[in-house]
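Biologist: I would like a close look at a single part of this model, taken slowly and with the terms spelled out.

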Amino acid sequence: MIGLGLKEFRRHIYTNLFIAVQLAAVLFIVILCISGVYSRIELYTPVKEYLECDGAYAADVKIMTEDGKRLEELVPEIDRYIGAYMLELGRDIGDGGLCYAYDDEIIEHYTPKLSEGVWLDEKIRDGKLCAVINFDSGYKLGDTVTKQYSYYREDDVTFSDPETIDVEFIIVGRLMKDAMVFGLNPSTSKNDDHRALYSEYKGKDTILLCSQTAAENKGVGCYRVGHQLVIFKDGISNEQSQAAVAEINKLTDFAMPLSELRAASQRYVYEQLIRLAPILISVVMLIFVSTVAITTLNMKMNMRTSAIYALHGCTMKGCSMIYLINSLIVTVISVMLCTAFMNILALKGFFEKTVVTVDIHTVIGCAGVCGAFLVCSLVSPVIGLGRASIKEQLNVSE
């Protein structure tokens, strides 16, 4: 069957190459559309479940009253926070870089774009804190960065004899130049949506991102910085929730209900998807029409040959397998053409200022298109040839 499939491909090589080019164009359009859709939701998806909780969006939660009470003690409705930390490491040590940290929940939910290396799936390596650096940092993967942490013992009530320990980081990843970093946006506004929870780091200083849990296990203190999502306890009433938001707003100078942030975020996502809807509908129609047209053309071209195969004892299943192999070769060529075309565009810098990316989502989309093409290639001969007698098939002119 494989030999006959290759023979069929060679017999109609120019037509098959034309079909491969057409299918490659469809794959390229699918990549563009999926990239466009995903770029609108990639920042919303990691925080979606938090925005659906009852809580507040606050600017500064690290307040402490004169008698030592923290925000969660002043507002008992608070259950937990979602946001970034800063390690208590002096900037006058080493290169003056800043060290930020995330809890395990954020590390698992959101992975920024990396130019090399890995994200913080591994917290500690060889006794050192794993860290991801910004793109313009002078460090390389595998480098060790040493910072100093000063603290006072509990029995040092006069705070006159600080203890100092070395904190070692090992670089395991580097952010992309335009990577969106969670929790470092310093500004807030009543018009904010989920995008305000992220920011592109453009500072000159080096930043290190690490695990808050691992840092605290090493004895390094940290405090919350930037925007924080304040999650309330389950079971509180609407009146209690509104009162808690008002109290947080009073204490921190800015807070708004998570329901408002969620509504603004959903409105943005829906508006973006509605703008893309005509393009998406057109692409779906293009895929459908192209697939049907291509498989029908293949069936018509091979009808006479199928009759000859049938006269030599080849079953309908055997004929379908021959044409499936032919279509599989066409599919492989179309994928190669699309890949080559995208690589050429990438080398010329076409994608640098676009949202076009090749990731798991675009791969699945292209696989779906190729799968639909192959299924149609397998089913079409069965439907078309089953309706025509061998005599009618022989009368078809190639």
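Biologist: Which residues line the second largest pocket?

Modeller: This is a predicted model, in which local features need pLDDT of at least 70 and side-chain atom pairs count only at pLDDT 80 or more, while totals for chains, interfaces and linings use all residues. Residues are numbered from 1 along each chain as its sequence is written, and side-chain values use heavy atoms, leaving out hydrogens and water.

The lining of the second largest pocket consists of Val61, Lys62, Ile63, Arg70, Glu72, Tyr81, Tyr85, Gln212, Glu216, Cys222, Tyr223 and Arg224. A pocket here is an open set of points on a 1 Å grid over the protein atoms alone, where a 1.4 Å probe fits, with protein on both sides within 12 Å along at least five of seven lines; lining residues have an atom within 4 Å of a point. Its volume, the space filled by probe spheres set on the points, is about 210 Å³. Two or more lining residues come from each of strand 2 (78–87), helix 6 (212–217) and strand 12 (222–232), with strand 12 giving the most, at 3 residues; helices (H or I, at least four residues) and strands (E, at least two) are DSSP runs, numbered from the N terminus.

Within helix 6 lies Gln212, which counts as buried because its relative accessibility is 9%, buried meaning under 20% relative accessible area with a 1.4 Å probe and protein chains only. Leaving aside residues up to four places away in sequence, Gln212 touches Tyr85, Ala101, Tyr102, Asp103 and Cys222, contact meaning heavy atoms within 4.5 Å. Cys222 is likewise buried, at 15%.

Conventions. Buried means under 20% relative accessible area, exposed over 50%, partly exposed in between (1.4 Å probe, protein chains only).
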